[in-house]
Amino acid sequence: MTGRETRLHTRLPMLRAERGMSRRELAEALGVHYQTIGYIERGEYMPSMEIGLKAAALFSLPVEAIFSLEPFPTLDGEALMRRTG
Amino acid sequence: MTNPESAYGRYMKRTFSHPMVERFQTRRVRRLLVVAMLANTALIVGLPLLTGIDWLGVPFFLAFFPLAGMLNMSVRGVTEIPLSSLDEHQAQLRLFSFSMAYYPAIALALLAGIFGPQLIETLPAPVAVCLGGVAGGTLLGLPALLLAWRLPDEDGLMDEDA
């Protein structure tokens, strides 16, 4: 939208699904509009450090476990790596 | 750095987040509204000139205001709601829309300044008044107009999950 090339990958949809959390609930917790969550989840908007840290605190995870500039490995791939590594 | 959110800002934010308003926020509806606004502007001037009936543009001039309101709803009011009531993404969209409209608005204002006086003299009075009003409204609403055309579709808008 603003010409930025970098795409942000996120595990927010998975984390929401795991906790049965709707976009609206997550948006309220992070203090943004729920459509903004949609933009972040689709990688169309790179959120600020403030949102990143709030999400990390909310899910009790490090920021880099939620957001990444590289695509996240699939869960199958990760599990396989752990088993064989 | 950021101003505290005003009661007016909260009211505007609530209004533009109403489920009824969200029905205007699909790309199809947004683009239809942009086309309707442009067609309406053409009819305001074109119909009286084509038919010779001076007041024929007035109903379309009156239609301009609800159309402009619907256009604002379609972009979640990001160009209308006070900045202190927007989240960071909405604030970014607002700044993007204003920067996108900057040069077109200057060009339109220049054209209006250069050709406006001559044009108004040649047009019948009701048409000239309507055209002046719509030109001013279009200039002010240009950020919302351009943003409405450019915004991508937002999936899951009507989802229960949303």
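Across all chains of the structure, a search of the whole finds six salt bridges.

One of the salt bridges brings together the side chains of A:Arg19 and A:Glu18, with an N to O distance of 3.4 Å. A:Arg19 has a relative accessibility of 43% and therefore counts as partly exposed. A:Glu18 has a relative accessible area of 54%, so A:Glu18 is exposed.

Another salt bridge is formed by A:Arg23 and A:Glu41, whose closest N and O atoms are 3.3 Å apart. A:Arg23 belongs to helix H2 (residues 23-30) of chain A and A:Glu41 to helix H3 of chain A, so the pair ties together parts that are 18 residues apart in sequence.

A:Lys54 counts as partly exposed because its relative accessibility is 35%. Salt bridges with shared partners also join A:Arg16, A:Arg23 and A:Glu41 into one network.

Helix H3 of chain A, which holds A:Glu41, spans residues 34-41 and also includes A:Thr36. The relative accessibility of A:Thr36 is 0%, so A:Thr36 counts as buried. What does A:Thr36 contact, once its neighbours within four places in sequence are left aside? The list consists of A:Tyr45 in chain A, together with B:Arg76, B:Asp87, B:His89 and B:Gln90 in chain B. With B:Asp87, the side chain of A:Thr36 makes a polar contact of 2.6 Å between the two side chains.

A:Gln35 is placed in helix H3 of chain A too. A:Gln35 counts as buried because its relative accessibility is 4%. The chain has 11 residues of separation between A:Gln35 and A:Arg24, and their C-alpha atoms are 8.4 Å apart.

Chain B carries a nonpolar surface patch of about 840 Å². Which residues make this patch? They are B:Tyr102, B:Tyr103, B:Ile106, B:Leu108, B:Leu110, B:Leu111, B:Ile114 and B:Phe115. B:Ile106 is found in helix H5 of chain B, a helix that covers residues 88-122. At 36% relative accessibility, B:Ile106 is therefore counted as partly exposed.

The confidence of the prediction can be described for chain A. Its mean pLDDT is 87, and 85% of its residues reach 70 or more. Among the elements of chain A, H4(A) has the highest mean pLDDT, at 96. The lowest mean pLDDT among the elements of chain A, 67, belongs to helix H6 (residues 75-84) of chain A.

Definitions and conventions
Residues are numbered from 1 along each chain as its sequence is written. Chains are lettered from A and ligands numbered from 1 in the order in which they are written. This is a predicted model: local features need pLDDT of at least 70, side-chain atom pairs count only at pLDDT 80 or more; totals for chains, interfaces and linings use all residues. Side-chain values use heavy atoms; hydrogens and water are left out. Helices (H or I, at least four residues) and strands (E, at least two) are DSSP runs, numbered from the N terminus. Buried means under 20% relative accessible area, exposed over 50%, partly exposed in between (1.4 Å probe, protein chains only). A polar contact is a pair of N or O atoms within 3.5 Å; within protein, one must be able to donate a hydrogen and the other to accept it, and residues adjacent in sequence count only if both atoms are side-chain atoms. Contact means heavy atoms within 4.5 Å. A salt bridge is a side-chain nitrogen of Lys or Arg within 4 Å of a carboxyl oxygen of Asp or Glu. Patches are made of residues with over 30% relative accessible area and no salt bridge: like charges are joined within 9 Å, nonpolar side chains (Val, Leu, Ile, Met, Phe, Trp, Tyr) within 5 Å. Accessible areas come from the Shrake-Rupley method with a 1.4 Å probe; for residues, only the protein chains shown count as cover. pLDDT is the predictor's confidence in each residue, from 0 to 100.
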